[in-house]
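Trainee: Could you walk me through how the parts of this model pack together?

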Amino acid sequence: EVPLLEVHNLKKYYPIKKGIIPRTVGHVKAVDGLNFSLYPGETLSLVGESGCGKSTTGRAIVKLDPPTEGKVILEGMDLSEISGLNLRKTRTKMQMIFQDPYSSLNPRKRIGDLLSEPLLAHKLTDKEEVDRKVNEMLEIVGLTKLHRSRYPHEFSGGQRQRIGIARALMLNPKLIICDEPVSALDVSIQAQVLNLLKDLQKEFQLTYLFIAHGLGAVKYISDRIAVMYLGKIVELGKTEDIFKKPKHPYTQGLLSTYPIPNPHLRNRERILVEGDVPSPANPPKGCSFHTRCPIAQDICRVQPPELTGLHHQTACHFPLL
Ligand code: SF4
Ligand code: MG
C-alpha cells in the first residue's frame, strides 16, 4: 500500500539565546528525528505528556511552523521541493483542527464568512456555489444554514468544534491533523465529537493524525499509536498491540495509570513513571527516559536506543516482551 504521508527524519529545533548581544548557546530539540508513514483512511495517534513535541510535529508537517530538517512527503510529493501555486494546492490537502476552537475562529466574523473564506482564498468565487457548499457543510457537521449569520461566541464548545471541523473540511482535504480536538470539551460532549470525526472519516475517506496526551483518549479512534517522549517516538504499533503488549517501559507506565483491566500487565510488576518530563533544552544523555525508567541499566545512560522493529517498533535496550 502506498502511504498518503511520509515523514522522514523530521526535526524542529529552537535556538536558545543568551547574553546582552544574544547569541545561540544551544537548541531545544522539540522534535528530534521522527520517521513514520500514514496510510489512506487510517488514524495514527501521537501520544505523550505535554512538552513531548506532539503539537510541534503537527505544525511542522503542515508547515505552520516549518521543520528545521527532514522531509514531509504527501502523495509522493516532497513538500520542500515544490513552491508557489503547487505548494498552495498541496497544502490544502492537509488541514488542522485545534484544541480550542474558540481561539482558532476569528470572533468578529460570522460563521458563514468563516466557512466561505477558505473557498474564496482558493479562487472559488461563484457566490451560489460557495453558499451551497457552506450550507451543505453545516448540515454535515450537525448544524444548519440558520447558523450562518451567528458569531462564534454564540455557540457552545462542542458546536464551536463542529464549526472548526467544517472549516477544515471546506477544501476537501485528505489529511487532517487533529490536535487534542476534544480535550477542552465536557466529557459528555467528547464522545459526540469523536463520533462525528469517525463518521466524517468514512464519508470522505479522511486520514487522521490524532494528537492526545493520554492513551485512554485515543483507544477508541486509533488504528495505530505512536508514543512520544522528549521529541522522539519510543513505541509505534497497532492500537491493540500497544494496549495488550506494550514493549516500552514508558508506554507501560502510561497504561498503568488507566483503570483498564489488562491481563498482560497484571502478570508483571506494574511500572510507575514518576516525576516530570525533563526539559527538552537539556535532555538526559543516552536514553532520554533513563531518569524516570525503573529498569534502566548502565548502557541506558550512555547509548541512545534506536527505534527498531517492523510492525511494532520500540526504542529501548530492554524492551518488555
Ligand atoms: Fe529504560 Fe533503558 Fe529502555 Fe530507556 S533504554 S526505556 S532507560 S530500559
Ligand atoms: Mg500540544
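Predicted model: local features only at pLDDT ≥ 70, side-chain atom pairs only at ≥ 80, totals over all residues.

Trainee: At what angle do H4 and H5 cross?

Mentor: The axes of H4 (residues 111-121) and H5 (residues 127-140) cross at roughly 125° and come within 10 Å. H4 is therefore oblique to H5. On H4, the contact is made by Gly112, Leu115, Ser116, Leu119 and Leu120, and on H5 by Val130, Lys133, Val134 and Met137. These residues comprise six nonpolar, two polar and one charged.

Trainee: How are those terms defined?

Mentor: Helices are DSSP runs of H or I with at least four residues, strands runs of E with at least two. Axes are fitted to C-alpha atoms, with angles from 0 to 180 degrees. Under 35 degrees is roughly parallel, over 145 roughly antiparallel, 65 to 115 roughly perpendicular, and the rest oblique. Contact means C-beta atoms within 7 Å. Ala, Val, Leu, Ile, Met, Phe, Trp, Tyr, Cys and Pro are nonpolar, Asp, Glu, Lys and Arg charged, the others polar.

Trainee: And how do H4 and H6 lie relative to each other, roughly parallel or roughly perpendicular?

Mentor: The axes of H4 and H6 (residues 157-169) cross at roughly 25° and come within 8 Å, so H4 and H6 are roughly parallel to each other. Ile111, Leu114, Leu115 and Pro118 of H4 meet Ile163, Ala166 and Arg167 of H6. That contact has six nonpolar residues, no polar ones and one charged.

Trainee: What about H6 and H7?

Mentor: H6 packs against H7 (residues 187-204) at about 15°, with the axes 10 Å apart. These two helices are therefore roughly parallel, and the crossing of H6 and H7 is right-handed. The contact joins Gly157, Gly158, Gln161, Arg162 and Ile165 of H6 to Ile189, Gln192, Val193 and Leu196 of H7. By class, the contact of H6 with H7 holds four nonpolar, four polar and one charged residues.

Trainee: Changing topic, which residues are closest to ligand 1?

Mentor: The closest are Cys287, Cys293, Ala296, Cys300 and Cys316, among 13 residues surrounding ligand 1 (each with its C-beta atom within 6 Å). The shell around ligand 1 has ten nonpolar, three polar and no charged residues.

Trainee: Which domain does UniProt list?

Mentor: The unreviewed UniProt entry lists "domain: ABC transporter" for residues 5-255, and such annotations may be inferred rather than shown by experiment. Over residues 5-255 the chain is 36% helix and 28% strand, with the end C-alpha atoms 28 Å apart.

Technical notes. Residues numbered from 1 in each chain as written. Chains lettered and ligands numbered in written order. Contact = placed C-beta atoms within 7 Å. Left-handed = near helix turned anticlockwise from the far one by under 90°.
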